[in-house]
Amino acid sequence: MNINIHIKNGRLIDPKNGIDTVSDLYIVRGKVASLGAIPAGFQDCRVIDAAGLIVCPGLVDLSARLREPGLEYKATLESELKAAVAGGVTSLACPPDTDPPLDEPGLVEMLKHRTKSLDQVHVYPVGALTQKLKGERLTEMAELRDAGCVAFSHADAPLANLHVLMQAMQYASTFGFSVWLRPQEVSLANNGVAHAGEIATRLGLPPIPVCAETIALSNIILLTRETGVKVHLCRISSAEGVAMVRAAKQQGLPITCDIAINHVHLTEMDIGFFDTNCHLVPPLRNLHDRDALCGGLIDGTIDAICSDHAPVDDDAKLLPFGQTEAGATGLELLLSLTFKWATTMNIPLIKALNTVTLAPARVLGIDGGHLTPGAPADICIFDPEEYWKVTASTIQSQGKNTPFLGRELPGRVKFTLTDGNIVYES
Amino acid sequence: MNRNPQLNKHGELQHLLTTEGLPVSILLHILDTAESFAGVTEREVKKIPLLRGKSVFNLFFESSTRTRTTFEIAAKRLSADVINLNIAVSAQSKGETLLDTVNNLSAMHADMFVVRHSQSGAAHMIANHVRSEIHVINAGDGRHAHPTQALLDMFTIRRYKKDFHNLRVAIVGDILHSRVARSQIHALTTLGVPEVRVIAPKTLLPSKVERLGVHVYHDIAQGLKDIDVLIMLRLQNERMLGASLPSPEEYFKYYGLTQEKLSLAKQDAIVMHPGPMNRGVEIDSAVADGKQSVILPQVTFGIAVRMAVMSILAGN
Amino acid sequence: MQLPDAEQLLADLTEQLRPDVDEAVAMIGIHTGGVWVAKRLHQALGISIPLGVLDISFYRDDYSKIGLHPQVKPSDLPFEVEGSRIILVDDVLYTGRTIRAAVNEIFDYGRPACIHLVTLIDRGGRELPIAAQYVGAVLPLPADKMLELRQETDGKMSLGLREIRLPEK
C-alpha cells in the first residue's frame, strides 16, 4: 500500500536529531528515506506542500483509553483511533482498565488484532499488574508480554497491599518488564474529588490531599530501590511530587515520569462553579503545583506529557460534581495544548515536542518519535497559525467532555502519516 | 461559565444557590423584604396573593422535614401551589437520573424548584439545565451551601445587633462538613462583619479555611473572647463513627457550649443554632433554653426570609 | 401648567372630612405619598386611633410583569380591622389599581365595616370602578405626565409634574 511521498517546504522539527529547519522530507516504502536531499531514484507519487506547516514525528501518547473491550457506550476503537490520527497521534499506550481489564493474553490479542485491522495507529496495550485489577494476585505477565503488552500497570485502581505491590515489582523485574504506577494512597484520597485546597473548601467538595500522592510516591520509590524494577510514574500532580521524583532520579533510580496535558494548563480554580469537565484524576492542584510541573518538564524531571485521554459519556458528566466520572477527552487536544504551552511559556518548540514524541517513545521502548532516515514514517504535519474551536462537532472522539470545550486552540493537524500511509488529511 | 450563575443578564437574582459572590445590595434587599413579610404572620389571613398561580416544587433528594416544611409554609403564605417530592425514595431508585427528574418536572410547568441534595453542586447543575423562566433555590447541597439558612441567620443577627459593621461572630463546631457554616461565612463577610472566627478541632476544619476570610481558633476560651454572636453547629452522629472525634463526651467538654464558656463572650452575646440541636453534645440545655438564646426566633424568621427569597426570584 | 397648592388642598380636605370623623374612625395611608398626606390629616383631625400604613407591593397586579418593588416597607395596621370604619388615604388617584390592592390587603387583616377613600388629586384615567369620597382637586392629565407629591424638610408639601416615556405599544 505504501507510496512514495515527498513533503515539500515544511519546517521539520525532530528533537532526536536536533533538527529545526525548513526542508523537504522523502518517504519510501513506509520509512523516512531522507531529509533535504532527494534519495537516489526517488519518484514522486504524492507531493504534500507543507509550506508554512510544521512537520514533526507523529505524537506518542502514553495514556489513551480506547474503552474496548466492555465500555463501548463511552467510545469504540474506531472512534478513538480516528480521534488519535486527527490529533496527530501515531502511537499510543492504552491502560488496562477496560471491562474486563487487560489481564488475560486472549483479551490483549483481540485488542491487537482489532487495532491492526483498523491499521491507523500503533497501539501498545499496557497489561494489568494484578488479576481483575483487584490488587491481590499477579497476572501472567510473561504471557501478556508475548501477547503484546509493553508494560504493566494498575491504572487508577487502588493497590492497597504493599506486599502485593512489592511482589509484582519483583516479578516484573525478573523479566525486565517495566511497571507503570500512578501514585495515590487510597485511604488518604478517601473518595475525594478535588485538590484539598481553597476551591474544595469553598465548594464543599471531598478533598484529596497532596500527601495522598507523596506518601504513595515515597512507597514506590523505596520499592523501586528494593526491587530494581524499571518504574514509570504516571500523572504526577504536585510540586512535592515533582521534587521527590527529581531526587529519586538524581539517585540514579530507573524511573521515568509523565504528567497529563490538562495539568500543564489548569488548576483547581478552573473548576469554577462545579465544572464537571474539570473532574480529573489526579485532581487539578494549585498554581504553585502547576508551575512546578512545568518546571519539571523543562529540567527533564518529567519525561513526557500524555493526553490521559478518557472519553466519558455525557450521562456520567451530567451529575453533581462528586458523582461524575473523572476524565476528559484528550487525543485531539494533546498537540494543540503542547504547542500552546510552548508558545505562551516561550519554550523552544523542539523541546516541547520532545515531551510528546521522542521522550514517550523511549518510555515505551519503541523505535519511534523521530525522523531519522530508516525510521518508520510516523509523521504529524500541522499548521501553527490555524486556530480551531473545541466543540462537540470538531472533536472526532466519542467523548466530548474536556475542560477546554468552547475554547480556541492554536495548531491544527493537516496530515497524519503512520508507516508512510496518510491516515488523516484535513 | 465565568458569569455568576445566580444572576440574570440584568444583574438580578435568577437563582439562589449560594451566598458567595452575591452583591451586598441583593443580600440587604432580601433582608429588608423579609422584614415586611415578618408582619404577615400576625394577620387574620396569613397569606398574600403574590405567587398566586405559580407552582413551587420542593425537590428533596435528601430528606429533611424541617427545612421542607418551612419552604412549604413560605410558599403557601405567598399563595403558590406547592408540590412536595421526596425523590430520595422515588425516581432515583428507578434509575432515573437527576436531570431526567428535573426535565420531567419542568414539563409540568414548574415556576420554581427548591432543591435539597446530598451532593455539593447539585443545585448549580439543575440551575444550569432548567429553562430560563424557572428559578432554583438551593435548600442545601452536600457540604457546599445553604443560603436561606444563612440569610435567616443574618436576619436574626440584624434584629438583635442592628448593625453588622462592629460585630465579632464565632462559628463553633464541624465547619468541615457544614454547608451552613460556608454560607454564613460568605454572608457575614459580604455584609461587612469585620471579624468572623471559626472554632473547632483541626479534624473538623477544611484546608485553607482562612482563605474564606475567617480567623481560626482551636481553643474555645480564646475564641469566644469579645464575641457578640455565637453560632453553634450541629455535630452529626456519624462523625463519631469515623476518625474525626474520639467521643461526644470529649467534644462536649472541649467545644460544647455551657453557661460557663458563654460567660467568656460579651455580656449581651446572642447564641444561635441552625438546628436540629444535639443537646449535651454541642450545646448545653441551659444555654439552648437560656435568655441569650435566639434559636426559636431563628425558626420563625426562617419563614419570612424564605418568603422574601421566593417573591424576589419569582419577580425577576 | 399651574398646579394647585398642596397645602391648600390639605386644608380643604381637612374641612371636608371633619364632619365625618369621630373617635371610632381609623385612618390608613398608602406608601409613600399617601402616608405623608394621612399623617397631616390624622394630626389635624385629632384622630385618636393610631395611624395605619400600608405598602401594597405584595398585592400589586403587575408583579408578574415588573417583579417585586426594590424597597418594600412593612405594612402596619395598629388597630383591630374587623368591624372598623376606615378612611384610606392616597396622594394621587389614577387607574385605581393601587386602591384595589390596598383594599385587598386590608381585608387580609379583617373585615372592616366600611372604607372611604381620600385623595389629594384625582387625575382621571380610571381603569377600575373606584371612586374617592373626599377629593382635594380634580385635575385630568395625559398618560405621559406623572404627578408627584413632594415633601420638604420642614414638612411642607408641594406638587410637581414629570414627563415619562410611555412603553411602546
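Modeller: Start with the chains that stay apart: chain A and chain C do not touch, and their nearest C-alpha atoms are 27 Å apart. Keep in mind that this is a predicted model.

Colleague: Which chains share the most contacts, then?
Modeller: Chains A and B do, out of the two pairs of chains in contact. That contact takes 24 residues from chain B and 20 residues from chain A.

Colleague: Which helices of chain B supply at least two residues each on the side that touches chain A?
Modeller: Helix H3 (98-106), helix H4 (122-129) and helix H6 (179-190) of chain B. H4(B) gives the most, with three residues.

Colleague: How do the residues on that side divide into nonpolar, polar and charged?
Modeller: On the side of chain B that touches chain A, nine are nonpolar, nine polar and six charged.

Colleague: Now chain C. How many residues of chain B are in contact with it?
Modeller: 17 residues of chain B, against 15 residues of chain C. Helix H1 (24-38) and helix H11 (295-315) of chain B are the elements giving two or more residues to the chain B side. H1(B) gives the most there, with five residues. By type, the chain B side that touches chain C has five nonpolar, seven polar and five charged residues.

Colleague: Let's look at chain B by itself. How many helices and strands?
Modeller: Eleven helices and nine strands. The C-alpha atoms fill a box of roughly 55 × 45 × 40 Å along the principal axes.

Colleague: How does the radius of gyration of chain B sit with a compact globule?
Modeller: It agrees, because a compact globule of 316 residues would have a radius of gyration near 20 Å, and chain B has 19 Å. Buried residues make up 51% of the 316 residues in chain B.

Colleague: What about contacts between residues at least 24 apart in chain B?
Modeller: They make up 76% of the contacts between residues at least 6 apart in sequence.

Colleague: Back to H11(B). Which helix does its axis cross at roughly 115°?
Modeller: Helix H5 (residues 147-161) of chain B, and the two axes come within 8 Å. The crossing is right-handed.

Colleague: Which residues make that contact?
Modeller: H5(B) uses B:Thr148, B:Leu151, B:Leu152, B:Asp153, B:Phe155 and B:Thr156. From H11(B) come B:Pro297, B:Gln298, B:Phe301, B:Gly302, B:Val305, B:Arg306 and B:Val309. The contact of H5(B) with H11(B) divides into seven nonpolar, four polar and two charged residues.

Colleague: And the largest nonpolar core? Which residues touch the most other members?
Modeller: A:Phe152, A:Val179, B:Met112, B:Phe113, B:Val172 and B:Leu230, in a core of 284 residues. H11(B) gives the most to this core, with twelve residues.

Colleague: Pick B:Val172. What does it touch?
Modeller: Leaving out residues up to four places away in sequence, B:Val172 touches B:Ile199, B:Ala200, B:Ile220, B:Leu230, B:Ile231, B:Met232, B:Leu233, B:Tyr255 and B:Leu257.

Colleague: Switching to chain A. How many residues of helix H12 (residues 334-344) are buried?
Modeller: Eight of its eleven, so H12(A) is mostly covered if you count a residue as buried at 20 or more other C-beta atoms within 10 Å. The buried ones include A:Leu334, A:Phe339 and A:Lys340. Just after H12(A), A:Asn346 takes a positive phi of about 60°.

Colleague: Last topic, cis peptide bonds. Where is the one with A:Pro282?
Modeller: The cis bond runs from A:Val281 to A:Pro282, with omega near -5°. A:Pro282 is in the loop between helix H9 (261-265) and helix H10 (287-299) of chain A.

Colleague: What joins C:His31 and C:Thr32?
Modeller: A cis peptide bond, with omega about -5°. C:Thr32 is in the loop between strand S1 (25-30) and helix H2 (33-44) of chain C.

Methods
Residues numbered from 1 in each chain as written. Chains lettered and ligands numbered in written order. Predicted model: local features only at pLDDT ≥ 70, side-chain atom pairs only at ≥ 80, totals over all residues. Contact = placed C-beta atoms within 7 Å. Helix = DSSP H or I, 4+ residues; strand = E, 2+ residues; numbered from the N terminus. Nonpolar A, V, L, I, M, F, W, Y, C, P; charged D, E, K, R; others polar. Rg over C-alpha atoms; globule rule 2.2 N^0.38 Å. Buried ≥ 20, exposed ≤ 12 C-beta atoms within 10 Å, placed from the backbone. Axes fitted to C-alpha atoms, helices over the stretch in contact; angles between N-to-C directions. Left-handed = near helix turned anticlockwise from the far one by under 90°. Core = buried A, V, L, I, M, F, W, Y, C linked by C-beta atoms within 7 Å.
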